[in-house]
Amino acid sequence: MPLIHLSLDVEVGEQSVDYRCSRCGMVALAIVAGGGAGLAANGVALSKAQFDAEIGAAALSRLAPCPRCGHRSRAALFKVLAVGAVVGVATAMAAAFVVAEQFHRSDPEGRLAPAVGAGTFLATVATTTALKLRSVRRRVRLRRVIR
């Protein structure tokens, strides 16, 4: 059986990304701190760390609020909410199943599990969104470009 040799490449540092506000049109240079990971199998690159870092930097810069008008990209914000919703559904289902199993004697109508599931879903979406936006605030610096 042939051996597969995997190698991992990591790119960490700052990426420069062009930023343009879709509302007011302000142009800036976004300096994004972050990193990316690349994978190679038997010397054949499956992904490149530099490309991963550049894609991540571009996505984070779209989440940064415009310094002039405060607008964020709706598409980027929707993507963050969608990821939070997917994670939220999984955690809500797990929490609801655990509550339904543990409290089936004391809650014969089964009203507690949906309430716990809904609460878990909302908390998960709010937390993932807040953490992502906080990460953007720490990792993205905008420098205005005068044209």
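Contact here means that heavy atoms lie within 4.5 Å. The structure is a predicted model, in which local features need pLDDT of at least 70 and side-chain atom pairs count only at pLDDT 80 or more, while totals for chains, interfaces and linings use all residues. Residues are numbered from 1 along each chain as its sequence is written, and side-chain values use heavy atoms, with hydrogens and water left out.

Leaving aside neighbours within four places in sequence, Gln15 is in contact with Ala30, Ile31, Val32, Gln50, Ala53, Glu54 and Ala57.

Strand S1 (residues 6-20) also holds Glu14, and strand S4 (residues 140-144) holds Arg141. The side chains of Glu14 and Arg141 meet in a salt bridge at 3.1 Å, N to O; the term denotes a side-chain nitrogen of Lys or Arg within 4 Å of a carboxyl oxygen of Asp or Glu. Because of where the two residues lie, the pair ties together parts that are 127 residues apart in sequence. Glu14, at 49% relative accessibility, counts as partly exposed, and Arg141 counts as partly exposed at 38%.

Val140 touches Ala30, Ile31, Val32, Leu60, Ser61 and Ala64, not counting residues up to four places away in sequence.

Technical notes:
Helix = DSSP H or I, 4+ residues; strand = E, 2+ residues; numbered from the N terminus. Buried < 20%, exposed > 50% of the residue type's maximum accessible area, 1.4 Å probe, protein only.
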